[in-house]
Amino acid sequence: GMDLDGLLCKHKIREAFIAAQGGVLFIDEAYSLESDTAVAVLIQEMEYHREDVIVILAGYNERMEKFMEINEGLISRIPYWIDFPDYTADELTNIFKLMTQERGFHVTDEAIKEAHYIFEKVRNTDNFGNGRYVRNLIDRASQNQAVRLLSDGKEASDLKKGELFLITKNDISMLEE
């Protein structure tokens, strides 16, 4: 007997292919298709729609490699493997500068150095989220900044405009991914 999850999954995969007809079906973290049924249906649908749907499977390198090893039927159907290397610490720092500018923040040089130092440390960890990590780091920094400004006991109205949009080294802290 097929389990309900399997049925649901089969149905969802089929629907996704129908929706993607004439275009691209992008499956992120494809290795989360746990069941053999799901993978079998995926392979079946890729075969059936090979003329009208381009399938892109995306995910972390090592996990994708393992996933493909287990599923030989996928390897033969996926002719191209594109490796996107992680950003360097410098690139991540530039992304950090751009994102903070977009949000209207000014960032001290010390804060930028601190961010760079953090990127150096975390960029080689497993499952490192690249741009997502930078965004989360900025979210955290702006929260820290708000807490810092208000804990000085000043009213928001007493703050100088410059202070409101300034991120300092103390606002930057490493995230546990």
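Hi everyone, let's begin with the rings: a search of the whole structure finds two aromatic pairs. Here, rings of Phe, Tyr and Trp (its six-membered ring) pair if their centres lie within 6.5 Å; planes under 30 degrees apart count as stacked, over 60 as edge-to-face and the rest as tilted. Phe96 and Phe119 have ring centres 6.2 Å apart and planes at 70 degrees, so this pair is edge-to-face. Phe96 sits in helix H5 and Phe119 in helix H6, so the pair links distant parts of the chain, 23 residues apart. Helices (H or I, at least four residues) and strands (E, at least two) are DSSP runs, numbered from the N terminus.

Before I go on, two notes on what you are looking at. This is a predicted model, where local features need pLDDT of at least 70, side-chain atom pairs count only at pLDDT 80 or more, and totals for chains, interfaces and linings use all residues. Residues are numbered from 1 along each chain as its sequence is written, and side-chain values use heavy atoms, with hydrogens and water left out.

Are they buried or exposed? Phe96 is buried, with a relative accessible area of 1%, and Phe119 is buried too, at 0%. Buried means under 20% relative accessible area, exposed over 50%, and partly exposed in between (1.4 Å probe, protein chains only). Phe119 also forms an edge-to-face pair with Tyr133, at 6.4 Å centre to centre and 75 degrees between the planes. That pair links helix H6 to helix H7, where Tyr133 lies, 14 residues apart.

Gln145 is buried, with a relative accessible area of 4%. What does its side chain reach? The Gln145 side chain reaches the backbone oxygen of Leu164 at 2.7 Å. That is a polar contact: a pair of N or O atoms within 3.5 Å; within protein, one must be able to donate a hydrogen and the other to accept it, and residues adjacent in sequence count only if both atoms are side-chain atoms. Leaving aside residues up to four places away in sequence, Gln145 touches Phe105, Glu163, Leu164, Phe165, Leu166 and Asp171, with contact meaning heavy atoms within 4.5 Å.

Now for charges. Side chains of opposite charge can pair when their charged atoms come close. How many salt bridges does the structure hold? There are six, each being a side-chain nitrogen of Lys or Arg within 4 Å of a carboxyl oxygen of Asp or Glu. Arg103 and Asp139 meet in one of them, at 2.7 Å from N to O. Arg103 lies in the loop between helix H5 and strand S3, and Asp139 in helix H7, so the pair ties together parts that are 36 residues apart in sequence. Another joins Arg50 and Glu47, with the closest N and O atoms 2.8 Å apart. Arg50 is exposed, at 54%, whereas Glu47 is partly exposed, at 29%. Glu47, Arg50 and Arg77 are linked in a network of salt bridges.

Last, the strands. S1 (residues 23-28) and S2 (residues 53-58) pair in the parallel sense over six bridges; two strands pair if DSSP finds at least two bridges between them. Val24 stands opposite Ile54 in S2. Together with helix H2 (residues 36-48), S1 and S2 make a right-handed β-α-β unit. Right-handed means that, with the strands pointing away from the viewer, the path from the first strand over the helix to the second runs clockwise.
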